[in-house]
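The following paragraphs guide a new reader through one structure. Please keep the sequence and the three-dimensional view at hand while reading.

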Amino acid sequence: MDYSLIVDSLVVFTAALLGGLAADRAKQSAVIGYIVAGIIIGPFVLGLVSDTHVIEAFAEIGVILLMFTLGIEFSFARLENVRPVALWGGICQIMALVVLGSIAGYVLGFSLPQALLLGCSVAISSTMLVMKVLESQGELNSLHGNIMLGILIIQDLVVVVMVTLLPWFSRLSLSSLPSLGFTLLKSILFVVAVVYVAQKIFPLVMKRAALTNDRDTFLLVALTFGIGVAVLGYFFGLSLSLGAFLAGLVISESEFTHEIIGKVSSLRNAFVILFFVSVGMLVNPICMVNNWPSLIMLLLLIVPLKFLVFFVIIRLFKYHSRVAFYVATGMIQTGEFSFVLAKLGLDYEIIPDSLYNLILASSIITMLFTPYLIEQAPRWYNWLRTKRCFAGLFPEPDIGDSAIDPTQLQGHIILCGYGRVGKSIGNALEKLQLPLVCVDFNYLAIQELTAKGIPCLYGDASSESVLVHTRPDTALLAIAALPDLASNVQVVHNLLKINPSLTVFARAHSRYEAEVLREAGALEVVEPEVEAGMETARLVILHLDVPREKVEQYLHSLYSRRVTITVQKRVYDSIRESRLKLREYLIDEKSPLAGKQLLDSSIRESTGCTVVTIKKANGELLLNPSGKEIIDAGDHLVVLGTSGQLALFSKFFIV
């Protein structure tokens with residue numbers, strides 16, 4: 001018995017495991033780890049796999065399953081909020097980059113089919129990587145996150161068309177157009193037939209499979225349908241990938257979508273890992289080193305070109321320069337489907353090994369830097385905007401047509417950001433009938449606010465020149481609800497610069513961000529994940545009837561640290577300018593305050609001081625205590641006052 005296949009599979013999966021762990025440790029996409037692992041075990045480095053053709057065959061199955069599940073997960077509903085820019089902007093971006101990339105490739109000396117494939121590879125960004133980075137930074141539901149996701153969905157859909165047309169690249173000519181047209185016509189008829197028949201037959205088959213309560217039967221039916229349609233489509237002139245995508249698209253409309261995804265995803269992931277490892281195994285590092293001038297030129301082509309194309313298109317759709325900058329910075333990489341196109345181009349003998357290696361190397365390098373670029377985008381934007389030479393690219397927002405009259409603003413709340421979190425806050429404030437002014441650079445949000453009759457301002461909320469028009473000098477408080485840390489810090493800084501006594505709340509994605517925002521001057525910082533955990537804990541307490549003493553211990557441990565930070569640090573900082581101070585005093589049995597209610601203590605009347613916190617001897621913490629609270633011996637009082645007032649307090653009440 002030949003055990004070489006088992007040994008090769010063991011080597012591949014072990015290398016993929018180590019590569020994935022190394023990539024996670026380096027905070028990179030696992031895809032990069034799989035490819036690097038393939039390079040190391042491939043024939044050009046260690047040569048640990050004896051039969052690469054078998055691995056490539058498994059990898060082909062991985063591509064089919066990847067396209068199958070992509071079709072299942074595809075949803076036009078996700079494009080709803082950003083449909084115009086995602087659909088038309090995404091199509092314009094792809095066309096522009098395919099054309100420009102093809103021209104650049106032709107200038108670099110590649111043939112027309114090779115240059116065209118290079119242009120297609122350059123036009124695609126990494127859905128897997130961008131979504132992972134946005135999710136980790138809490139920006140997946142931000143405006144720029146939604147735009148990027150929408151464009152990525154369109155790109156994934158266009159990849160299906162590219163894969164279908166790929167076999168024609170090498171023989172594309174005027175004489176081949178009729179044959180290509182006939183093939184496309186057959187493909188369209190096949191698509192219509194499959195969609196019609198599948199909608200009538202597939203639900204009945206799946207219901208029958210579901211009634212068996214046999215997981216294996218359900219999985220086999222789904223896989224048979226997906227691979228069967230892929231193979232059938234192949235005989236009608238479609239690629240296997242397009243057939244698999246079509247099968248998934250049909251299934252996406254059924255009631256069994258989530259069940260099928262749950263069954264297929266693990267199997268898909270295993271074969272997809274084989275695909276990316278096989279991609280790496282075909283990379284020749286020596287070829288890359290020998291062609292480093294071409295690699296540098298390709299990188300210099302990809303990064304600036306993609307940035308400019310994305311930036312210009314997003315600006316043409318009248319989104320703020322900040323949104324355009326974030327989207328352009330996050331989409332400059334080429335992605336996993338660029339690997340698919342390159343691999344198919346090599347299989348169809350459209351491109352040589354040298355170009356294949358260049359495409360893969362450039363993709364890996366751009367993907368490596370993407371998490372860092374997305375993370376630093378807010379900081380770079382704020383820095384570039386201050387430079388005079390970039391004033392034309394990052395103009396200050398037009399506030400002439402603002403839906404507010406600054407002279408009428410008094411005792412209001414400033415809400416900076418009307419995204420997912422900001423909208424929830426705005427709705428609550430609206431129901432409470434509290435005066436509100438919103439600032440956002442999303443035209444759709446401004447239109448929604450204007451329709452509701454809520455005063456709003458289109459502009460960059462982190463800009464001091466914009467915030468001035470919201471009248472922070474007459475506001476009650478402000479809320480920084482933007483999705484990224486750098487912008488929120490800038491908001492807090494500029495608001496307090498205009499009005500140092502203004503109360504500012506902010507949102508954060510982590511404890512580190514919360515600390516940074518407090519240092520910037522935010523009085524209270526909300527961490528959504530922490531609040532969700534607390535709410536879940538509250539529900540657990542209610543349903544399990546937890547003993548009261550345990551609940552009190554939990555609440556005390558939960559709030560004491562946060563409250564101490566708020567009272568002792570932020571309150572002290574905010575009143576420092578008026579020379580007020582906080583002092584803590586121990587009340588012993590001989591003190592005139594022992595045993596008295598705070599209301600009867602005459603502390604304010606006789607000294608001018610204010611008791612802001614009572615720390616009870618049993619550890620209980622009373623913030624802003626009411627007049628009915630009793631001061632006991634052994635309590636600690638946190639008292640607010642000037643140096644003279646505190647001296648009087650010590651003289652009258654501390655023995």
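**A guided reading of the model**

Leu360 is found in helix 16, which spans residues 353-385; helices (H or I, at least four residues) and strands (E, at least two) are DSSP runs, numbered from the N terminus. The structure is a predicted model, in which local features need pLDDT of at least 70 and side-chain atom pairs count only at pLDDT 80 or more, while totals for chains, interfaces and linings use all residues. Residues are numbered from 1 along each chain as its sequence is written, and side-chain values use heavy atoms, with hydrogens and water left out.

Leu360 counts as buried because its relative accessibility is 0%; buried means under 20% relative accessible area, exposed over 50%, and partly exposed in between (1.4 Å probe, protein chains only). Apart from neighbours within four places in sequence, Leu360 is in contact (heavy atoms within 4.5 Å) with Val279, Val283, Phe339 and Ala342. Between Leu360 and Glu336 there are 9.5 Å in space, C-alpha to C-alpha, and the two are 24 residues apart in sequence.

Helix 14, residues 321-330, is mostly covered, with 10 of its 10 residues buried. Among them are Arg322, Phe325, Tyr326 and Thr329.

The next topic is a pair of helices. Two packed helices are described by the angle between their axes and the distance between the axes. Helix 4 (residues 83-107) and helix 13 (residues 292-316) have axes that come within 10 Å and cross at roughly 150 degrees. Axes are lines fitted to C-alpha atoms, for helices over the stretch in contact, and angles run from 0 to 180 degrees between N-to-C directions. Helix 4 and helix 13 are therefore roughly antiparallel to each other, a term for angles over 145 degrees. On the side of helix 4 the contact is made by residues including Val85, Gly89, Cys92 and Leu100, and on the side of helix 13 by residues including Leu301, Lys306, Phe310 and Ile314. The residues of this contact divide into 12 nonpolar, three polar and one charged; Ala, Val, Leu, Ile, Met, Phe, Trp, Tyr, Cys and Pro count as nonpolar, Asp, Glu, Lys and Arg as charged, and the others, Gly among them, as polar.

Thr474 lies in the loop between helix 19 (464-467) and strand 4 (477-480). Thr474 counts as buried because its relative accessibility is 13%. Not counting residues up to four places away in sequence, Thr474 touches Leu409, Gln410, Gly411 and His412.

Notes. Parallel < 35°, antiparallel > 145°, perpendicular 65-115°, else oblique.
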